[in-house]
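Q: I'd like to learn how to read a model like this one. Can we go through it feature by feature?

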Amino acid sequence: YLKISKLALAFAIIHSKPPGKSSKEYTEYLAKTVSKQDFGLKWKVEVLEAEVLRLRQELLLNRISPRFCLENRKQDTSAETLLGQESINPTAFSSQLEDSGCDVCNDSAFDSLGIASDFHQSEHNVNTSKRWLERVPPLQLCHTSKEQPLTAPVQFLQRLLEIRKLSEEGILQADFTELENDSFTICNSVSQLLDGLIVFYKSPKFSAPSFLTEGVCVLISLITDTKFSNHVLKKCFKKIEEFKKNLIQIILRNRSVNRFQALHSVSETLGLLGRNKILRNSLISLLLSEVRQFAEQLLQAHQVQSVYDIAQYENIFLLCMILEQLLQNETQESNISSSDCGGEEKTKFLKNLDQIILHLSDEFPLFSLYLWRVSVLLNSGQMQ
């Protein structure tokens, strides 16, 4: 039946083609016309889906705290004002490096990883109870800016966090059991946020670094907040794992000349995700796997005297520094040693590591030193 249908379509195209055009040219013209129609339909579907999600977000907020939504509707502030002024700006996120971006590492770039846990506290230092209701705009769908992939989910999740804050202070009454009845909305919003962050991180130039910072802050706040963490991690864990893998690959595959300033933001986000104990172990496993695979590839290239990827060699140090910091945090925050971190990947990493370091130490002393430092942290339990 399929063959007959294709043959009938071919004859129809041949018989209906206008004079002066070949069958091939006419077929390509028809294909382009159909594809344009499909694109238009897909765009309409995406707009309608976004509108449905926005309505579900408003409905969920109204169910959780009707008073919050009532006060919110009285305001007439634009979404751009919210995102451009008084947005969440924790001290844990350092400003963009002001150098040329040609340094592989900068100690100050990773200081924030050590104080990232303080950002949630600094975020509450300002009394936002009244000011928030005065400046929060209604949820909006139509935006022409490049921040569109992040605007809607960031606004919605910010409202959830603020309702949580105001309810703790006794200013609002909120029923967060509604989250159990509508898991789709929060899960879809978090997924949109993660996808939007990846879009910007993959861009060689960050047109809105402050907006990225705001999106990351909202994500970290959800993960660390006791009221939302269970919902987010339970329903979006696979999506967050995929997000971490994408960030790691963005670091490894970036080959632009002036890339280290941009990669600093990506590595900083990975470090902040690693502050969460649930996410930390899986992130350590991912980093161990990438560093181990690169070390084995580098050893093989060194033994046969073949070329190796210099850009990836430079980028791997960012992963090593993140890995080292996460292992140090794990040791400091728990009474037990970090010897159990990484699980199976830890065993693979330590296997034949001494031989790898021995063969690479002369040609690649800095990388060998990082491998040794990571191995010491992984074996800290046996050394105590």
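A: Let's start with surface: accessible areas come from the Shrake-Rupley method with a 1.4 Å probe, and for residues, only the protein chains shown count as cover. Here the protein chain exposes about 20300 Å², and carbon and sulfur atoms supply 54% of that area. Keep in mind that this is a predicted model, where local features need pLDDT of at least 70 and side-chain atom pairs count only at pLDDT 80 or more, while totals for chains, interfaces and linings use all residues. Residues are numbered from 1 along each chain as its sequence is written, and side-chain values use heavy atoms, with hydrogens and water left out.

Q: How many helices and strands are there in the protein chain?
A: Helices (H or I, at least four residues) and strands (E, at least two) are DSSP runs, numbered from the N terminus. In this case you get 19 helices and zero strands.

Q: What share of the 384 residues counts as buried?
A: Buried means under 20% relative accessible area, exposed means over 50%, and partly exposed is in between (1.4 Å probe, protein chains only). By that rule, 47% of the 384 residues of the protein chain are buried.

Q: And which contacts link residues 24 or more positions apart, or rather, what percentage of them?
A: A contact means heavy atoms within 4.5 Å. Take the contacts in the protein chain with a separation of 6 or more: residues 24 or more positions apart account for 81% of them.

Q: What describes a pair of aromatic rings?
A: The distance of the centres and the angle of the planes. Rings of Phe, Tyr and Trp (its six-membered ring) pair if their centres lie within 6.5 Å; planes under 30 degrees apart count as stacked, over 60 as edge-to-face and the rest as tilted. A search of the whole structure turns up 11 aromatic pairs. In one of them, Y308 and Y313 have ring centres 5.9 Å apart and planes at 70°, so they sit edge-to-face. Y308 also pairs with F364: the centres are 5.3 Å apart and the planes at 85°, so this pair is edge-to-face.

Q: Where in the chain do Y308 and F364 sit?
A: Y308 is in the loop between α14 (277–303) and α15 (310–333), and F364 is in the loop between α17 (353–360) and α18 (365–378). The pair links distant parts of the chain, 56 residues apart. Y308 is partly exposed at 35% relative accessibility, Y313 is buried at 14%, and F364 is buried at 5%.

Q: Which residues do ring pairs link into a cluster?
A: F294, Y308, Y313, F317, F364, F367 and Y370.

Q: Which residue lies over the face of Y370?
A: A charge sits over a ring if NZ of Lys or CZ of Arg is within 6 Å of the ring centre and within 35 degrees of the ring normal. R373 lies over the face of Y370, at 5.1 Å from the ring centre. Elsewhere, K21 is over the face of Y29, at 4.5 Å from the ring centre.

Q: Why do the buried residues of α17 line one face of the helix?
A: Start with the list: L353, I356, I357 and L360 are buried in α17. Looking down the helix axis, the buried residues of α17 fall within an arc of 95°, so they line one face. That arc is the one spanned by the directions from the helix axis to the C-beta atoms. On the face turned away from the buried side, α17 carries the exposed residues D354 and L358. The cover over the buried residues of α17 includes α14, α16 (344–350) and α18.

Q: What does the side chain of Q158 make a polar contact with?
A: A polar contact is a pair of N or O atoms within 3.5 Å; within protein, one must be able to donate a hydrogen and the other to accept it, and residues adjacent in sequence count only if both atoms are side-chain atoms. The side chain of Q158 makes one with the side chain of E214 (2.4 Å). Q158 belongs to helix α8 (residues 148–168) and is buried, with a relative accessible area of 3%.

Q: Is R164 buried or exposed?
A: R164 is buried, with a relative accessible area of 11%, and lies in helix α8. Its side chain makes a polar contact with the side chain of D225 (3.0 Å). Not counting residues up to four places away in sequence, R164 touches F176, D225, T226, K227 and F228.
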